[in-house]
Every structure is written in structure tokens, then in C-alpha cells.
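This report describes a predicted model.

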Amino acid sequence: MAEDSARQAPANVVARVKALRDEINHNSYLYYALDAPAISDGAFDSLMRELRELEEQYPALIDPTSPTQRVGGYVGEQFAPVRHASRMYSLDDAMGIDELNVWLDRIEETLGTLPPLCCELKIDGSSIALTYTEGALMQAATRGDGNEGEDITVNIRTVRDVPLKLRDEALPTIRDLATPCELRGEVYMPKKSFNALNEAAEAQGKQGFANPRNAAAGSVRQKDPSVTAGRDLSTFMYAIADQRMLLLEGQYELLQWLKRAGFHVNPDVKLCHTKDEVRAFCDDSLKRRQDLAYDIDGVVVKVNSFALQESLGFTARAPRWAIAFKFPPEEKATLLEDITVQVGRTGVLTPVAELEPVSVAGSTVSRATLHNEDEVHRKDVRVGDTVIVRKAGDVIPEVLGPVLSLRPENAPVWHMPAHCPSCGSPVTREEGEVAYRCVAIDCPAQASERLIHWASRGALDIEGMGEEIIGRLHEQGRLHDVADFYTLTFEELAALDTGRRNKDDQPIRLGKTVAAKLVDAIDASRTRSFARVLFGLGIRHVGKTMAEQIAAAYPSIEGLQAATLDELAQVEGVGEKIARSIEVFLSTPDNIHVIEKLREAGVTLADEAPAHALGGEELPLSGKTFVLTGSLVESGMTRDEATAKLKALGAKVTSSVSAKTSYVVAGEAPGSKYDKAISLGVPVLDEAALLHLLDTGEVPH
Ligand code: AMP
């Protein structure tokens, strides 16, 4: 039908519409990507107006890649999840020139020589992933947890420097246009626009954003795309999920290509050949930081060659071939109004500096942890002091120390209270520990912190189950331990008194809509991975990454309960202290009882596929174990290189052959491992089979 009406548009209109779109796209490219506008804003607007009028007259001519089609419909209740084509990693940080030097030395040592390095500004915005198929923008997503983000396509389409269509000249570089191509970068809000936005919010008595980064992240997560369209957002693109999709050799070439494709690419980039050049780029960027129109928080140094990047590979967190040189933090002076004490879920008492709000490195700081009593004394900070606050790295504010000359007379030395501020029990300090603890088993602060932790995003992620609701349920005796979440009913949640009152002084109840969402969210949390459950249980010293590692080694609670202390201590990263903490936790009767209740509630206590980490991705060789023997002459790869490549595909590479080994790869002049493989009946691959496997990811039969 669309074609029928399209035919009804006279040929001259069809041609005019095409010419207008080409002209508008070309001028957008000149304006946004090249920063070299060729026509006035007024002329540009009149082209847009004409195009819009023609499309209104002949709606069948409308095409989603038309420049008029940036603002679309509402997002709906929630942003849909989007799985990334490959993990969106973080970057390792170099805090200062010494750490940068260490990284540069390591790269030189590993590769035998210093390779060309591509230096870019580290844009302080929010990561985005844009997927193009056949050259058209199909999807835009946030980074999320690295594996899975949120679908923000309708909002990103409103960002005017994001091309809805790639420019023709860039297309031949893409190996296969039909395969979705995920390109990555940063969406940011220029400083000027951020200030204007906050001033406008203030004028309306609304709260503004803390910094431009939050403003950008908040703007792309609007439910109504016309709100996003009204925010002045820009992007800088700098990466691709899978370099093999492009006929390019390295990062610098990628940036040039992105520009040719129509993207906004940051002009401050330099291909450096010496360490001095890298250091000079960092120095220079730091000096120019204040003059830039947008926030940067450092410089990213990347090994330029894609082949070398591949051989260096990734750690669990970040690529080995890149480093973020972070700028030194900013410092400010402010008043220490009070020191309060927080009780954590393990009973640790933490002193917290309550500060007169101050803006540091672009965000407002009003509280900062003082860690423990020793730290308060070491820093010698007292209530009433003027203190220096630093925003260390990115997010965590830190109190450096007092300005002694400004100390009020008789300011008293601070001491940890003798009793828990939450339950009033006496606090204790164990020999050799800095922390004071409240060890009361029924301390409400600890219990509610444990419940809050269970429901939090990184753990069981019970959306909507926040501190306030948990606090109420806990006070009312409906939540004692984490398994009680699964006994909550729709009726009782709907009737829950929020503690607030309406204008007729009647209690405000949670209501059916919220209750229904909570019931769904609780239900959904039953299927989270075992690693998340382990993390959610709040075992001392078992953070998120540790929980993943433990779940990879022991994918079920039974397995973990059966493991000996020694076996646990053998798990990568665990060691004796953590092993003991796990053992104590799992053998405490109360905890065993909670675990049983969780099992009855149908919460995941074993992973079906052990290779799944927290939201981790399944790779072609996940679960397979390889052993290498002999030298790989055909490809000239070293064993380390082959190992790195196998690992990148998800395989485990070990040094000795056992019946559990999936394959032995035998190069020329293989050693005794080859004989052992034959005797155990482990399949042996020659080098050609290995190369085929690395190329295709296909497991041999
Ligand atoms: P972090 O989150 O501190 O580990 O830093 C990693 C993030 O820096 C990435 O996820 C990107 O969002 C961001 N970033 C900003 N500019 C760049 C750049 N030029 N190259 C790579 N990453 C960048």
C-alpha cells in the first residue's frame, strides 16, 4: 500500500524529496562532524521546512531515516533490555604519571617494542552503543552492566549529530552490510547547556542535575523523547564492538572512518610513537581542560593496531591494550558540620562527615566517609573544622584534612560512640581490627541494610523495593531475613502504610499499582543467577566479582557447602581469609535456615550453565578446556598468543592433560602431553584445525 501511494507522488516531488534529504544530511555532516557549516541556520531551517511539508502532503514518502523523523513516540513503561554484540568494558585507570609509565613499560615489555599509541580525550559523558544495519540506525543502547544495556533508540534519534544513515562513502569499508554493526561512543552535554538547564530548573524551583554527566545520562533515559530532543546533547564516537567487521587496521583509522561515516568524532586525537609524546599529550590536555566546551576526566591511551589489541586481550574488567590516564582530582574547602555514624549490614560502624554542600569537580558533595575512628584521628578532623574535600577520581568524595588556622577554639576530639546508634547495644572492637562493630544479632540497622543489599541492583535487583518500603516492612515485623521477601503478598503490599498522610490526615497506602509491580519484581528476582544470590547473601568479603568467581568454580550451593576450607581457598582470588568467612557463613544455623527458605521459595541456588557469570555472556568455547603442546610454526603464533585467543573465545587453557581436557592442540614436535592425550582418548587438534577454530569459533566434532 505504501508503494501505491508513493507512486501517486509525482516524480518531480519524489526527486525533490530525495534532493532535500541529501542536502540536509550533507549540511548536518558539515555542521556536526566537520564543524564547518556551509549554509546559515536560517537556510538550513527552510530546507527542513520544505521537506516536512512535502512529507506531510505525501506521507507514504516518509522513511525512518529521513532527517524529519528524529522525534518518535513514547518509550512505554520500561526501556527494553539490549544485549551488546560484545562486552562493553571499563578501562583500567592510571592515577598519575607514574602509573601511566608503568603501563607504557609493560606494553613495551610485552610486545618487545613500543607500538604506535592512539591518544584520545576521555569524555565524561554516558556510554552509548549504536547499531547500524544496511547503513541505517536500528538501535541505540546504554552500556548498562556491560553485557546488557537499555534500549534508548527513540531518544538517541533526537540527538542531531547521530546520523540516522551512514554516509555512502563509508559503506565499502564494512565487510557485510547486512550484519548489525555496533558502534560505540559517548553522549554528553556541553558545559554551557548544562548550566542553562540547571538555571532553568532552579528558576522553576526544581532540582537540577549534579553534573553534566548525570544530565546526559538522565536525558537519554527520558520516557518522552521530546524531552530528550529539547536537551542539547552531543556525541563523540570512538569504538566498534567487533573490529573484524571493518576493513581497517587500527584505532586511528577507525576514528577517521567514523568521521567519514558521518559521526561526530573528537578532533583532539594523536597517534604517538614515543612515551614522551604520550606524556606531552596528557599534560597538554590537562592544561586545556577548562577551555573545552565539554567535560573530560582524563586521556585514553590505546594500542593502535587491532591485531596487537587482539593479542593483548582483556582482563575480566578492562582491555589490556588501553589505559585511562585520570586527571588529578579537584579540591575545595568546606565546613564539617557534624560527624555521624552509620551501621552497615555487617555491623561495622562508619563515621560519616556531614559537610556544608560544596561543588567539587562539577558535582555537589555533602557527605563523605571517614572510614573509621583511627582515620578520623589520623586526619585530625573535628566538628566545626573547615576541611579540604577532594573528589578522588570520579565519584567518591574524600576529606583530606582540616585547615588548622581556621579551627574554632575548644573543638573537641571526636570519638566513636560506645553504643550502636541504631539499637543501643554496646559496640566492640576486635583485637587487630580498626572497625568498631555492633554484634547484636537483631540490630535493626544491620537487618535492614542486609535486606536493602539483597534487593539492590547488583544483587537480586528487586526493582522498586527501595529503602523506604523495606524499612516499613522491617519495622512491622514482616521482613526479618532475605527469604521473607518471597512470602510478601499483593494484598499486604497494597495495604502497606507508607508512613505518610494525605491532606485529610489519612495514612497513605502503597496501593495496587505499586504492589503489583513489586510482586512481579520479586517474582523476577527468583531467576537471577547463582552468583547474584551469593553476592546478595552479604557474606563478609564476598563482593560482586568474588561471587562470580566462586559461582564459576562452585555453581551450586550444595557444592559450595560441601567444599572444604582448603578447596575454597584454591578458588582464584579467594584465599584463606575469604574461605573462612564463607565457611562460617554457610555453617551458621540461622543462615542454613534462610537458605532452605530461599530454596522453598524457588530462588536460584544453582546455575544450569556454570559459565554464566553475573549477566555474563556465553562464548563459543565456554566450558571447553585446552592444552597446548609443541610449537605453532604455520601461523608463527606464540603459545601465549594462541592462549590469549582461545581465552578470548571463552576457553580455559591449562598446562596439564587430564580426562577432563576437551582438546589438546599439538604443534610441531609435541611433548609428552601428546602421548597422554592419546592414552586418555582426548581429541588432538593440529594447527590447521586450531586456526579454523580461532577463525570461526566452531568447535570441531
Ligand atoms: P571507566 O568507566 O572510568 O572505567 O571508563 C571507561 C569509560 O570511559 C568507557 O566506558 C567510556 O564510556 C568512557 N570513555 C570516554 N572517552 C573515551 C574514549 N575516547 N575511549 C574509550 N572510552 C572512553
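## Ligand site

The ligand is surrounded by 14 residues, of which the closest are Glu120, Ser127, Arg143, Glu186 and Lys302. An N or O atom in the side chain of Arg143 is 2.4 Å from an oxygen atom of the ligand. Glu186 places a polar side-chain atom 2.6 Å from a ligand oxygen atom, and a nitrogen atom of the ligand is 3.2 Å from an N or O atom in the side chain of Tyr238.

On its own the ligand has 500 Å² of accessible area, and the protein covers 87% of it. Strand E3 (117-123) and strand E10 (296-303) are the elements that give two or more residues to the shell around the ligand. The greatest contribution is that of E3, with four residues.

## Strand E7 and its partners

Strand E7 (residues 181-188) is largely enclosed by the rest of the structure, because eight of its eight residues are buried. E7 pairs with strand E4 (residues 126-133) in the antiparallel sense, over seven bridges. Within this pairing, Glu186 in E7 is the bridge partner of Ser127; both residues are listed among the closest to the ligand.

E7 is also joined to strand E8 (residues 234-240), by six bridges and again in antiparallel orientation. Here Tyr188 stands opposite Ser234 in E8.

## Nonpolar cores

The largest nonpolar core comprises 54 residues, and those with the most contacts inside it are Trp454, Ile462, Met465, Phe485 and Tyr486. Beyond its neighbours within four places in sequence, Ile462 is in contact with Trp454, Ala455, Phe485, Tyr486, Ala521, Ile522 and Ser525.

## Positive phi values

Most residues other than glycine have a negative phi. Asp461 has a positive phi, near 50 degrees. Asp461 belongs to the loop between helix H13 (444-455) and helix H14 (467-475). The relative accessible area of Asp461 is 23%, so this residue is partly exposed.

His541 likewise has a positive phi, near 75 degrees, and is located in the loop between helix H17 (530-536) and helix H18 (544-553). His541 counts as partly exposed because its relative accessibility is 37%, a value that falls between the limits of 20% for buried and 50% for exposed.

Definitions and conventions. Residues numbered from 1 in each chain as written. Predicted model: local features only at pLDDT ≥ 70, side-chain atom pairs only at ≥ 80, totals over all residues. Heavy atoms only, no water. Core = buried A, V, L, I, M, F, W, Y, C linked by side-chain atoms within 4.5 Å. Buried < 20%, exposed > 50% of the residue type's maximum accessible area, 1.4 Å probe, protein only. Contact = heavy atoms within 4.5 Å. Pairing = 2+ DSSP bridges. Near = heavy atom within 4 Å. Polar contact = N/O pair within 3.5 Å; in protein donor to acceptor, adjacent residues only side chain to side chain. Areas by Shrake-Rupley, 256 points an atom, 1.4 Å probe, with all protein chains shown as cover.
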